[in-house]
Each structure stands twice: as structure tokens, then as C-alpha cells.
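Here is a quick briefing for anyone meeting this fold for the first time.

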Amino acid sequence: MEWSTRTIEADRPFGSWAEDLASAFVALEPRKIAEQPFQGTISRADVASIQISRVEATKHSVLRLRSHIARSVSDVYFVNLQLDGVGRYTQRGHEQTCGPGDLAIVDTTEPFEIANCRNFSLFCFAIPRQLLPGNLAERPRLRLSATQSGRALSRTLAGHAELCLRSGSISGIAAFGAQHVVDLISHAPDILEERPSERPGLSVLLSMMLDYIDRHTDDPDLGAAVLATKFHCSQRYVHKLFSTTGSSVGEHINSLRILACTRSLLDHAHRRTTIAEIAFNAGFRDISHFNRLFKRSNGLAPREFRRAMSSGPTDGTR
């Protein structure tokens with residue numbers, strides 16, 4: 001879903017922005033910070049039980065007033081990840097200023113003001129209150145940009161958000177990313193404790209590894225050894241993290257590779273690509289191993305699957 005400001009008029013300096021904000025989020029009152037033409041766009045994906053949006057706009061502020069709340073049934077937190085610009089957040093007497101890479105949390109059941117003093121872009125995660133720790137919104141500052149671990153967490157969150165927006169609301173991959181968004185945000189305060197002797201929370205480090213795997217499944221060398229080197233830990237520790245997922249490292253990687261191959265076999269654009277090429281491009285080295293895994297996952301061998309799913313000739317594809 002997308003919203004973009006329509007015609008700006010003298011008596012409506014924000015055009016349709018107030019209506020757009022209400023449709024995409026909750027009722028909010030926009031106010032000008034400076035006299036300049038206004039522009040704003042919102043892209044949103046509804047994934048599982050959360051909403052993930054990207055907002056880009058010229059500088060302005062928005063207020064959530066008691067009159068808005070009285071007419072609302074919303075019970076969500078807005079967790080904003082600043083990408084560009086600077087945002088000032090005020091709620092319950094607390095104020096924090098967010099630069100690129102920082103997180104801010106506001107409770108939609110109480111009044112707040114968000115003032116973006118420069119042209120800005122951000123990701124907004126609208127998450128039901130019950131999915132996050134009860135005291136999360138009481139923390140006045142979540143400056144992820146202040147620490148190395150925080151910056152890594154910020155990049156991971158942005159990557160999951162982009163994945164969800166690009167994959168679409170009904171994608172299984174998007175749902176996978178959305179769950180990790182909730183887990184990562186839940187542990188953000190722990191990351192900011194800055195205890196050098198301790199590693200990030202297990203779910204955070206695991207999420208970072210999962211994010212890395214998502215982006216490198218076509219690497220035939222990808223496995224526990226590569227992850228251990230990349231994230232500065234032992235292979236034994238990598239296996240320990242993955243033991244909490246119900247799948248081994250290899251099983252998780254292979255499931256993503258099989259998914260990529262299945263999509264390629266269904267894609268008309270790959271009708272002349274051989275099955276071996278599809279397997280090797282996905283990161284498999286052994287075609288017999290690939291055939292066994294594919295049949296186990298889809299119930300048919302790759303050649304049979306392609307033939308069954310194809311409505312046209314398959315010349316040159318086997």
C-alpha cells in the first residue's frame with residue numbers, strides 16, 4: 001500500500017497528508033516547521049501481526065492529541081528507525097533526539113509529538129503492545145548509533161524492513177523477517193547496556209546470522225565455519241545458536257536454496273535454464289544431493305516437478 005500527498009492548497013498546506021497518516025497509521029495532526037512546499041510518501045506492508053512502513057517527507061511535526069485517542073481503538077507502539085534527518089520525540093515528559101540509525105518508541109494510547117527538523121526518511125514498525133516488553137516505551141533513549149553493537153542492530157532491522165516491503169504482505173519470507181523485527185526490537189535495550197564482556201543476546205546474534213544467510217545463500221561455501229569467522233565466534237557456538245531454531249545450520253541454508261530453486265523452476269523466464277544450472281546458481285555443488293533434497297521438500301524430483309508445473313514445452317531445460 002502506498003500514499004502520497006495530493007494537491008497542496010492555501011487552506012490545506014499539507015494537502016491530503018493528515019488523511020494519509022490516518023489511513024497508514026493513526027489519527028495525527030501535522031504542523032509546519034518552516035514555510036516550504038510539502039511533500040510526503042508512505043509505503044506500507046502488513047506482515048503477520050505488525051505493519052512496516054517507510055516514510056519520506058519534508059520537515060514537519062506531527063502530534064497525537066487526546067481528542068485523537070478518544071476516537072481510536074489503537075493499542076500499538078510505533079517504533080521508528082531513523083534513516084535520514086533528525087527527529088525529536090516527546091512523550092510522558094521524556095524527550096529524545098534521533099539521528100540516522102537511532103530508534104524511538106511512542107505509545108499510541110498516550111499523547112506525543114514527533115518533530116522532524118530536517119527533510120527525513122524513516123522506517124516505522126507498528127507493533128501491538130502485547131508483542132513487546134511492557135516497559136519498553138518507558139526508556140527515554142534508544143540511541144543505537146552510539147555503539148558498534150547498536151549500529152549492527154540498526155542495519156539488521158533496516159535490512160529486514162526492506163525485505164518485508166519488497167517481498168509483499170503475503171510472502172513467507174516477509175513473515176519470517178517480521179518476526180525477527182519484533183525479536184530484535186525487544187532486545188534493543190539489552191544491546192545498549194554496553195557490557196564488553198558479554199555478547200549480544202542470543203536472539204540478536206542469531207538474527208544477524210540469519211540475515212547474513214538470507215543474503216548469501218548462493219555461496220557454496222556458506223556454513224557454520226563461514227558464520228563463525230564472520231561473527232567472531234566458534235563453530236560450536238554457531239551450532240548452539242541454531243539448536244534453538246529446530247534446524248541445523250545446513251538444514252536452514254538448504255531450505256532457502258530449495259525455495260530459490262523451486263521459484264526458478266516455476267519462473268517462465270528460466271524455462272531454458274537447465275536444472276543443474278539452477279541448482280548450482282542457488283549454491284548447491286552436488287546435483288544428486290540437490291535432487292534428493294528437492295524431492296523430499298516438494299514430493300517430486302526437479303525434472304518431474306518442472307514437467308508437472310509447466311504448461312508449455314520444456315525444450316532445452318533438462
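Strand 1 and strand 3 run antiparallel and pair over 3 bridges; strands pair here if DSSP finds at least two bridges between them. Helices (H or I, at least four residues) and strands (E, at least two) are DSSP runs, numbered from the N terminus.

This is a predicted model, so local features need pLDDT of at least 70 and side-chain atom pairs count only at pLDDT 80 or more, while totals for chains, interfaces and linings use all residues. Residues are numbered from 1 along each chain as its sequence is written, and side-chain values use heavy atoms, with hydrogens and water left out.

- Val 47 sits opposite Ile 50 in strand 4.
- Those two strands make a hairpin with 2 residues between them, and Ala 48 in the turn shows a positive phi of about 55 degrees.
- Zooming out, these strands belong to an open sheet of 6 strands, in the order 1-3-4-11-6-9, with antiparallel pairing. Strand 1 (2–4) and strand 9 (103–107) are at the edges with a single partner strand each, so one side of each has no neighbour in the sheet.
- On average, neighbouring strands of this sheet are turned by 20 degrees against each other, direction ignored. For angles like this, axes are lines fitted to C-alpha atoms (for helices, over the stretch in contact), and angles run from 0 to 180 degrees between N-to-C directions.
- Strand 6 (residues 76–84) and strand 11 (residues 120–128) are antiparallel partners over 8 bridges. Val 76 is bridged to Pro 128 in strand 11.

**Helices on that sheet**

- Helix 1 (residues 17–24) packs on the sheet and touches strand 1, strand 3 (40–47) and strand 4 (50–57). Contact means heavy atoms within 4.5 Å. The direction of helix 1 makes about 10 degrees with that of strand 3.
- Helix 4 (residues 172–186) packs on the sheet as well, touching strand 3, strand 4, strand 6 and strand 11. Its direction makes about 90 degrees with that of strand 11.

- Strand 7 (residues 87–91) pairs with strand 10 (residues 112–116) in the antiparallel sense, over 4 bridges. Look for Tyr 89, whose bridge partner in strand 10 is Ile 114.

- Helix 8 (residues 235–242) has Tyr 237, Val 238, Leu 241 and Phe 242 as its buried residues. Buried means under 20% relative accessible area, exposed over 50%, and partly exposed in between (1.4 Å probe, protein chains only).
- These four cover an arc of only 135 degrees around the axis, so they end up on the same side of helix 8. The arc is that of the directions from the helix axis to the C-beta atoms.
- Turned away from that buried side, helix 8 carries the exposed residues Arg 236 and Lys 240.
- In helix 10 (residues 275–282), the buried residues are Ile 275, Ile 278, Ala 279 and Ala 282. Their arc is only 95 degrees around the axis, which puts them on the same side of helix 10.
- What do those residues meet? Arg 257, Cys 261, Ser 264 and Leu 265 in helix 9 meet Ile 275, Ile 278, Ala 279 and Ala 282 in helix 10.
- Helix 9 (residues 249–266) packs against helix 10 at about 145 degrees, with the axes 9 Å apart.
- After helix 10 comes Gly 283, with a positive phi near 115 degrees.

- His 68 lies in helix 2 (residues 66–70) and counts as buried at 10% relative accessibility. Leaving aside neighbours within four places in sequence, His 68 is in contact with Ala 27, Leu 28, Glu 29 and Leu 63.
- Cys 233 is buried at 12% relative accessible area, and Cys 261 is buried at 0%.
- The structure holds 0 disulfides, a disulfide being a pair of cysteine sulfur atoms within 2.5 Å.
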